[in-house]
Structure formats: structure tokens, C-alpha cells
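Biologist: I'd like a close look at one stretch of this assembly, with enough of its surroundings to keep me oriented. Could you start from one pairing and then walk me onward?

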Amino acid sequence: MIPSTLDYTKATSLDEALAAVAAGARPLAGGQSLMPLMRLRLAAPPALVDLNGVPELVGVCEDGDELAIGAMTRHRDVAADPLVQQHCHVVAQAAAGVGSLVIRNRGTIGGSLCHADPHGDMPAAVLAAGGSVIVRSASGERRLDIGDLVTSYLTTSLADDEIVTQIRLPRNAQSAYAKFHRRAIDWSIIGVGVVIGADGVRAAATGVADRPLRVTGFEDAINGGASPEEAAAAAGAGLSPTSDLDGSTEYKQHLVGVLAAQAYAEAAGR
Amino acid sequence: MATVERKATGGIGDSVLRKEDRKFVTGEGRYTDDLKLPGMLHAVFVRSPFGHAKVKGIDASAAEAMPGVRAVLTHATLPVETGVLSASNPPGSDVRQPEQPVLARDEVRYVGEPVAMVIAENRYVARDAADLVIVDYDPIAVVCDAEAALADGAPLVHSEYPDNVAATLKHETDGFDAAMAKASRTVELRVVNQRVTPMPMETRGCIGDWQQATGEVTLYTSTQVAHFVRTFVSIVCGTSEAKVRVVAPDVGGGFGAKLNTYREEFAVCAASHKVGVPVKWIEDRTENAVATIHGRDQVQYYTAGVDDTGRIVALKMDAIQNNGAYHQLLTPSISHLTLFMVPGCYDIQDISIRIRQAFTNTTPTDAYRGAGRPEATHGIERLLDAVADDLGMDAAEVRRVNFIKPEQFPYSSSTGLIYDSGDYETTMEEALRLADYAGFPARRAESEKNGRYRGIGLSTYVEVCGLAPSAVTAAIGIGAPGWEHSTVRLHPTGKATVITGTSPHGQGHATTWSQITQTELGIPFEDVEVIHGDTAFQPYGLGTYGSRSLAVGGVALYRSLGKVREKARELAAHLLECSVDDLEWTGTAWQVKGSPDRAKTIQELAGAAWAAASMPDGSEPVLEATTFHDPPNFTFPFGTHVCEVEIDPTTGRVEVVNYTAVDDCGNVINPMIVDGQVHGGIIQGLGQALYEETVYGEDGQMLTPTLVEYLVPAASDVPPMTLARTTTPSPSNPMGVKGIGEAGTIAASSAIVNAAVDALSGLGVRHIEMPMQPARIWHVIQEAKA
Amino acid sequence: MGQTITVTVNGTAHTAEVEPRTLLVHFLREQLMLTGTHIGCDTSTCGCCTVHVDGEAVLSCSMLAVQADGCAVRTVEGLEQDGELHPIQQAFHENHGLQCGFCTPGMMMAALGIIEQNPGASDDEIRHALEGNLCRCTGYQNIVAAVRSAADQMARS
């Protein structure tokens, strides 16, 4: 199928991009989710501003206690980046599993977060990592916890004139991401990121609601001294994933525990 | 299997690399969407978003006003004479044939049914304009499930048919009741063969080009059956069949999806007639999911009467087939093929079969790879395991007890077929050996140590292919014969043109037909050109489906080659001034027996026959021959597939860890191509077993409209396979060949499900429905443990 | 409304006017008549349209032609050099890695992306790297063998 008529500008700087979104254009990142929606005419933005030519949105660096990842850094590069692999493995691992090779070659971390698919891996991985995003508009900059960015199905709290420019990730020593899907290319039915930090274990899941959620059942149990098996059994408590062709609510609740335990074991082994 | 050396050229039995490949690996293949005709316009169809609705009105004014739009056609304005026609009228079935207008008239009966057709200067404008066509629908209650459709009080798909019954097939042997009464026990099983979608990677597409001055129409279409399409276009569009040319360019997979005649094929011809220039339509994938036929969708209730040795003495199957909203080309006949194969490869003398076919508010079902036989095989193979389970027998042993024995061939089946040849036990033993069946308990124990369930499953299948003896197709109410055509033409330079009525779309006929020509006529492989898929160049042919190409079309070629060889012999005798009886065939030449210096090569004879300077009395110039071969019987390939799975109880995922297939398709022309057919066939069967299901919601909406929801497996989702063959030639044709296109698909699903059931048999699990997605398996395990 | 773009395709620069919404795959197929790149889905799932843009294997159905302005695109038509098949083409032929041929161009372009990124890929890695390319004919066994063979061949040369 074919997108609806649209205007297109290619930004070569962040300022150009911000001016374009202020004028009503929708940002186009890697396009691996947006373009199919446009082809199916489930999305029909009248104007796009292409962020693929904005150099300041690309790359990974250390900034104080955090890693700073440019929003337009591609999944393949996030997955392969030594800093991300070392200091925020959960995000590197999630990036390595997004879609297929050709999709990771083009798709971006910022694009995935802003697309806010309820089965996307990146929002859950960043939530587990305790990450946040830097949001810019022509009038200024603000910082949003990832839990405050993604608000519902394919919906974020961004204003129309805002762009996510950077993802900020606290360093962690031990973390991992585990996902379950039917075919390798499919969206996760459930994915769980686990971070073992100085202040305890954080876990977050995708596929459990209209947005990624902390797996508090698992966190509370394991932080309270329970074994991983016991924590896994408690993981689904309070979560009510939708029953659909991929499985029942009960099955998905069970998977959250399986994957949380799997990610926890892998993180602990790092 | 033992790798056979691959060659650049060769004859029968050689693994010759395909001559088709170069154009495909260089991007020079020419599929329908690659064709561009002068002045061509593009069509987009407006399709029903409802499973069932009255169409109260269509307002196309905004679309018609859009710049670049040439026309918006509806039922009222599309110039056709009739609707889509089915060629399938099984006798005694009381089949009903509802009218299927090319564009819906006043009612739509499934999501995706075409209502209007927008024609514009390019596909972008046509798409935009289609969104502006306003159709006033009045929704009606829907029914999508076939069992629900046959229940009292179900919504009616066609108001003129008060029970939604489309047709009923029945067959019972005289001794059935007595045989069942004698059984020492009965085993019952309900088996669902879920709806699936063929999903060739190339969707459908077509271009209609109507010449206004002459009334000639050329239709380029992605089809397996150009000649069927020609006949139906002439009827539906109201023109002479002699004025219709149908071209199948390169076709990107079919699997039965393109063994049909579709509304869009008629619509582009009629639209071209109307607007005066060529009209192209290319199906989107989301359209393909609703506008192209689906397969399977049959629910079976089995009762096996069994004696104490495990022998099935009587078998009853009562099934319900979901036909969808209308009858496509062969819809009512697909479950006739199921009926034929209900007893499988087992000597079951007494049988009772009823298959009720239902109309529902879904896309029509029709032939999908295997077409009715996978349903039969899956059911009987599941049933054999259930019988083994009931008696505490080994799955292989219960098959040995029931197999038709080699000395029983030709074997008259209780469903009226004559199986040509077979040796089922030898093939099974070979498969069991290759799969190390004896070593399975140790592997299972090892898996158990790792917390996984391991199971092994067999599928010992036989299928009916090589469609078909024309007398049989007539007897079962298929309005088309089953013969095939070939022409062999030798040029004065000694090169050959082979024209075939088969219509390959991945099967490699250019290669295999060249191999046959090299062996039978001595023309080198590389000197043979094969023409197919264009009704202008071919006399009548029937196409490629039902694993028929070699057993019918290949044999037609073999016979034409023989005719040419014999004509060449007469000419050689004339030129060498001897009797034809004095000549012997060397493989490439006729020579006087024992005198290599007195010989004429086939190339020399081709040149002499063309020059015609000195011909035998009464002999016409040119070495050319045509054959219309009507097979005397079907062929019956068979084999054993052995699948081994591991199940992760924590997630429910079924992983195929070993897959061994031993197939017997008679004599083989090109082992490499046969292996490729088996590989692909198995993975389509695996797709149905583990991943694929076409799902409708209760409101009639299609819930699996894209490749995101409809899970065609990828490379990382499938196992490597071990293949081997036995060879039991068919006595039904001089080449001893059978067919292999569908065998893998027919065999695979039951092997995989049987393995999964075996894996969980320790928990008391006796049956699992397809697809065996992780969630289903996890629930099966939970319920079994509870 | 058209925008003028210049795209270097298989070494040749093409300047053309396109509607901004034109998909790269349609630009290649319908304006440049490079019909070897195919369309098999609407959802970035099948990989039939895989081409290389600035050396990366990407889906040309999920990119606008205007986004390729100034880029170097390689399609299946650019693989053969001076009448010699590229090793990946030769390997698909020699291993019977294709039947109907429709997925083949995208499959080969994706495979080339893998071989170039990971020349020593194992069969398992090859299967995972091809997970975004669907084939309905071959069951993948011979495709994996073909990619394995091409990788070995390219590593040797």
C-alpha cells in the first residue's frame, strides 16, 4: 500500500528539526514502524521532518554517571556499542533483538521509544534501566522519566513541537533483557528487563499493558529475599495483559515470571 | 541425503542446476507488476469492511472528481455478462452455486469482497480516490465458523439457502455397519484442520488489455492456469475464446492460490474494455489476506473400529468443511479429495464418510498445497496414534499392522481409487533407521534431565496426485478434463523448442523438461528452450497444480519426444537407404545396426526434415510432434516422515529438533529439484502445525490480515531436514514417475503434531490442535497436570 | 509538489522529480525501471524489497525516495559485474537456493549485508540474520547453504 500525500523536509540540524515540528511536521526517525502505519493508512501525517540528517542526534557517550545516547542512534549501533554493552547491557540486549537485521540497520532507539508500541522492547528496557529522555522544543529543554514519556498505546506525553533528542541511562553493573515471541521477527509477546543495582533489583516488562510497567511483584519478592523461583511466581501479580491470539492473560502473566527469572539469572551472572 | 553431484547440464536422473536461475538472481525475472504497457491505468478495489451487509448505495462523486481518476466502476457499470463461475459440481451432493458477481451487487458476504473499482493514472491516485468512495452499508449478522453455520438458527449467508449447506458428500461401503459391529473396541477423535492462507511471496496481480478495434483481449495474470482463465474470461466478459490471450509471466509462487479464476481478472479485462486502455491491478498483501482463497478449515469426527491386534476393521469420518461465502473454481471438490484419501495407506475395507460443506461469511476456501489430502492425512495419522495409544502399541507397529502390503498393488481402496504401486513398510523402516527411532528413549531421557519433554512422531502418508484421468474428473463433477499437452519442435539448426501446457511458478520445468529432451531425443540440455504460460503459443493445456506436471505434462512431453524420434527414424532409413528395422537408436542418432559410420544425428535429421529435399513417401516436412496425454490413472506417492520435538514446559514452545523424510515419488528426473520441493513442502506443513492460522473475529473481521499476524515461518524458525528416497516406479505411465510438489506438506503436519502429543503423552495428553503455538501448549500442559 | 532528488543507483547517478510520499521501492521500480527489487508486504515483514543504501541492507518499502537523495543505492541489478555473477548470485544458483525467484533479490541483498558484517557467521547466525526475509518455496535449507557457500567463497577471494 501507499502513504497519503505529505510534505517532506530533511533537517540538517536540530534547530531546523525543531522549527519544522513547531510548524506542524511529524518527526521521521528510522521509519521502521511509522512507514508501515503510513502505508496501511493507519497514520497519515501531512508533513514529515526527517531526522536522519541531524548529526547531533547520533552517537553514544558518557556524561557523568550516565550514558547519553543520541535519539537517532540505530538499534544496530546501540547493540554493538561497547559503553552500552558494559554499562547498560539491558538496553544493548534489547536493541539486538528488535525486529530483524534490516530493521535494526535503520530503526533508532528514539524512534522506538516515541512509537510507544505496547509490545516494543526498548521502552521496557529503558524503564528497567531507570532511564529518561531529554526532550527539546524551540522554547527549551526538559527531562522526562521514561515512565512519564509513554502514556498509552502508541501515545506519548510529548507536545507537538517537541523532539526526543537523547536517552539518558544510569550505569548499572548487572542487567539483562529477556523476551519471548513466536517467530524471531515478531514483536515480543512479553519482554522483561532486569537491572541489579545498589538499591535493589528493578524489573520492567513490555506486553503487559498499554505501556511498559515495572514488575513490582518480582521486584518486591526478590528485594525481600525471595528466591528467583519464588519471585517469578509472584511476578504476574497486579499485571493484567490482554488475552489475544498470542495467549491468554494467565499465560502472559506466567511468561512475565519466566522471563524475569531468566533475565535476573543472566544479569546476576554478568 | 547423500548429496548427488550437481551438474551444469544433463539428462534424466541428474541434479542439473536450473536454467531458470540466471534471470532471477540478476533481477531480470518478469513478474506481472514488472510489466508496463503504453497508456496503462491502475486499478484499486473498494472492498467491504463488513463480513455481511446490504449495499444500499455507492457515492463515487468525490473520487470521480479527483484529478487523475479515469473511472469508478461498480456492478452497474462494469461491462460483464455474468459473475464468477465454479467448475465444481460434485454429483449427488446437492451442491448449491450462489451467484458471485464480479463486483458486489446489493450484498457483501465477507470482509474484502470487492464493491467498486477505481481506475486512475497511477496507483497512488487510485488509492487516494478509493478512500473517497462512500458505500452505504447496512450490516447483517455474520457466521464464520462452519459448525456454527450448520446449527439451527444460524445467520444465513445466502438468504435463499435456509441451512447454509453448500453441498454434502457421502460414501459408505456395503459392509460398513457389520464390520463396525464386529470391532472389539472403538477409538474416537475430533480433529480440526484450521484455516490457513497460501501466501505466495508474490501476491496476485493482472493487466487487462482490450483492443477496441478487434475485440481481442490480452490478460497478463499471475496464474497457474492460464487456459482456465482464458475460457472463463471469454464467458464472463462475453467475448470469443479465440479472441482471448492469457499470459502468465514469471509467477512468484502459487501453492494453489493461483489455481483459480478471480473477480479481479475479469474486472481488469472489462475495465479495459470500458476505458479503452490497459488496466493493471496489483494486490496488496493486506488484500491478499482477504481477496485470495484460503485453504483447509475442516473439522473431522473419527470413529475407528479396531480389533485386538490394532487393525482398523471399520472407519467412520463425519466432517464439516468451511467453504466460505462463495464457490471459487474448485471449492466444493476440495473435500472430495479428502474423501478419497480418508483411509490413507491402510488396508481399511469398510468405511463411512460424510462431509457437509457450509457457507460462512469468510473468504472462499479452495485448493491450497495438498488440497484436501493434507486434511485426510493429518486426520488418519492422528487417528493411528490414538489407536496405538488406546491399545498401548508402538506407533510404528500399529502402522505395520494396518499397511496395505506390497503384494496388494494395484490396490482398490474402499473409497474407489486404485493405488498404483507402493511399499509402505520398506520406506517406513528406512525412515526409522535414519531417524534412529530405536535410540529415541535415550534421547528422551536426556531431554528430561534438562527439564524438557521430548517426543517422536510418524507420518506415513500416501497421496493421490497427477490430476487427473479426464473420465474421473468428469465423474466427480469437475467441469474440466485432466489431460496435458506438449509440442516438440526441432529447428533446422538442430535446436529444440518444447511447448508445454504446464505452468511452472518455481518448479523448474524449463530445466527438467530439457533433461527429459536430452535423454529421450539426444538434443543437448542447453539446446532446448521451454515455452509455457502463454495461450497464444500453446495449444490447450491445463496448468500446474495437484502435483500433476511431471506425471501428466512430463509424460505428454515424453510421448511427443518418442513421436519425433520415430519420425526421425523413418527419415534416417530413407536417407541411409535401409529399412527402419535396420536402425538402432544411439541416444543421439539413428545408425545402421553395428555401423557407426552409417548414421544420422538427430540434428542432421532435423535439418533434413526442414529442408524437405528428400522425404519418405507420405512424410510431412519438419520434425515436430504434439501429444495430448490423458493419464489412465492417478499416481500415488508415499513416504514416511519422522519428527522429533522438544517442548519447553515453561514457555510451551515446541522446537523441532530432528526431521527426517523418506519419500517415494517413483522415478526422479532431477533429485536436486525434488529435494527442494520436499524442503518447501515440509516447511509449509510445519507452518500449519506450529505457526499459521487465519482467524476471523465473531464480528466477521479478519484478525490476521498482514504478515505481522499471519506467521509465515522464517529461516530462524525452521529446522534443518534430512531427506532420503526409495523408488517404486508408477506402472501408470511409461516414465514410472509420480509427483512430489505437495507430498511434504501433506506429510509434515501430522508428524509434528504426533511428536508433540508423544512428548506430552506421559501427562495423559492424547490430542493437540494446530497451530501448536506456545500458549496453547502451555495450557495443554497445565490442564493435563491439573 | 514534486521534489528533485539525485540518487546514485548501482554507480549511475539519476536525477528525478518525485512526490515526497513516493516509496524508494516504487522510485526504483517505476521511475528507474529497476524491477528486480520486489514488494511482498505492507508491513516491513517480508524483506523482498531489501536493497543497500550507503552500504547498509535496508527495506526500500520503508523508506521514502526523497530520503535517498544524495545516497548510493545498490540493487540486485548491480551485483553482476561484466557478465560475471557475484558470488552470492552464483551460490544461490549452485545451491538451488531459489524456486519461484520472487524473494531472491531481497534475500541475496540481506545475505550480502550479513556476510559483509560477519564473514565468519555460523549457519545458526545466518538463519537469524535472514529472519527478516520470508521465502515460501524453499524451506530455507538451500538458502542457508547458499549463503554459507558465498561467505566461504568471498572469504577466500
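Which residue in strand 7 of chain A is the bridge partner of A:Ile134?

Modeller: The partner of A:Ile134 in strand 7 of chain A is A:Arg143. This is a predicted model, in which local features need pLDDT of at least 70, side-chain atom pairs count only at pLDDT 80 or more, and totals for chains, interfaces and linings use all residues. Residues are numbered from 1 along each chain as its sequence is written, while chains are lettered from A and ligands numbered from 1 in the order in which they are written. The model scores ipTM 0.98 and pTM 0.97.

Back to your pairing. Strand 6 (residues 132–137) and strand 7 (residues 140–145) of chain A run antiparallel, with six bridges between them. Strands here are DSSP runs of E of at least two residues, helices are runs of H or I of at least four, and both are numbered from the N terminus; two strands pair if DSSP finds at least two bridges between them. A hairpin of two residues leads from strand 6 of chain A into strand 7 of chain A. Strand 6 of chain A also runs antiparallel to strand 10 (residues 163–170) of chain A, through five bridges. There, A:Val135 has A:Val164 of strand 10 of chain A as its bridge partner.

Chain A also meets chain B, in a contact built from 15 residues of chain A and 21 residues of chain B. Two residues are in contact if their C-beta atoms, placed from the backbone, lie within 7 Å. On the chain A side, helix 12 (residues 249–268) gives the most, with three residues. That side divides into ten nonpolar, two polar and three charged residues. Here Ala, Val, Leu, Ile, Met, Phe, Trp, Tyr, Cys and Pro count as nonpolar, Asp, Glu, Lys and Arg as charged, and the others, Gly among them, as polar.

Moving into chain B, you will find an open sheet of seven strands in the order 5-7-3-14-11-12-13, with mixed pairing. Strand 5 and strand 13 (244–247) of chain B are its edges, each pairing on one side only. From one strand to the next, the twist averages 20°. Strand 5 and strand 7 of chain B are antiparallel and share five bridges, and B:Val69 has B:Ala120 of strand 7 of chain B as its bridge partner.

Helix 3 (residues 123–130) of chain B is mostly covered, with eight of its eight residues buried. A residue is buried if 20 or more other C-beta atoms lie within 10 Å of its own, exposed if 12 or fewer, and partly exposed in between, with C-beta atoms placed from the backbone. Helix 3 of chain B lies across strand 3, strand 5 and strand 7 of chain B, at about 25° to strand 3 of chain B. Axes are lines fitted to C-alpha atoms, for helices over the stretch in contact, and angles run from 0 to 180 degrees between N-to-C directions. The buried residues of helix 3 of chain B also pack against helix 2 (61–65) of chain B.

Another buried spot is B:Ala226, which counts as buried because 26 C-beta neighbours lie inside 10 Å. B:Ala226 sits in helix 6 (residues 226–237) of chain B. Leaving out residues up to four places away in sequence, B:Ala226 touches several residues, including B:Val246, B:Val247 and B:Gly543.

Further along chain B, helix 16 (residues 549–576) and helix 17 (residues 602–611) pack at an angle of about 85°, with their axes 10 Å apart. Helix 16 and helix 17 of chain B are therefore roughly perpendicular; angles under 35 degrees count as roughly parallel, over 145 as roughly antiparallel, 65 to 115 as roughly perpendicular and the rest as oblique. Among the residues making this contact are B:Leu571 of helix 16 of chain B and B:Leu605 of helix 17 of chain B. By class, the contact of these two helices has eight nonpolar, no polar and no charged residues.

Finally, chain B touches chain C through 43 residues of chain B and 44 residues of chain C. Helix 18 of chain B gives the most to the chain B side, with six residues. That side has 21 nonpolar, 13 polar and nine charged residues. As for chain C, its mean pLDDT is 96, and 99% of its residues reach 70 or more; pLDDT is the predictor's confidence in each residue, from 0 to 100.
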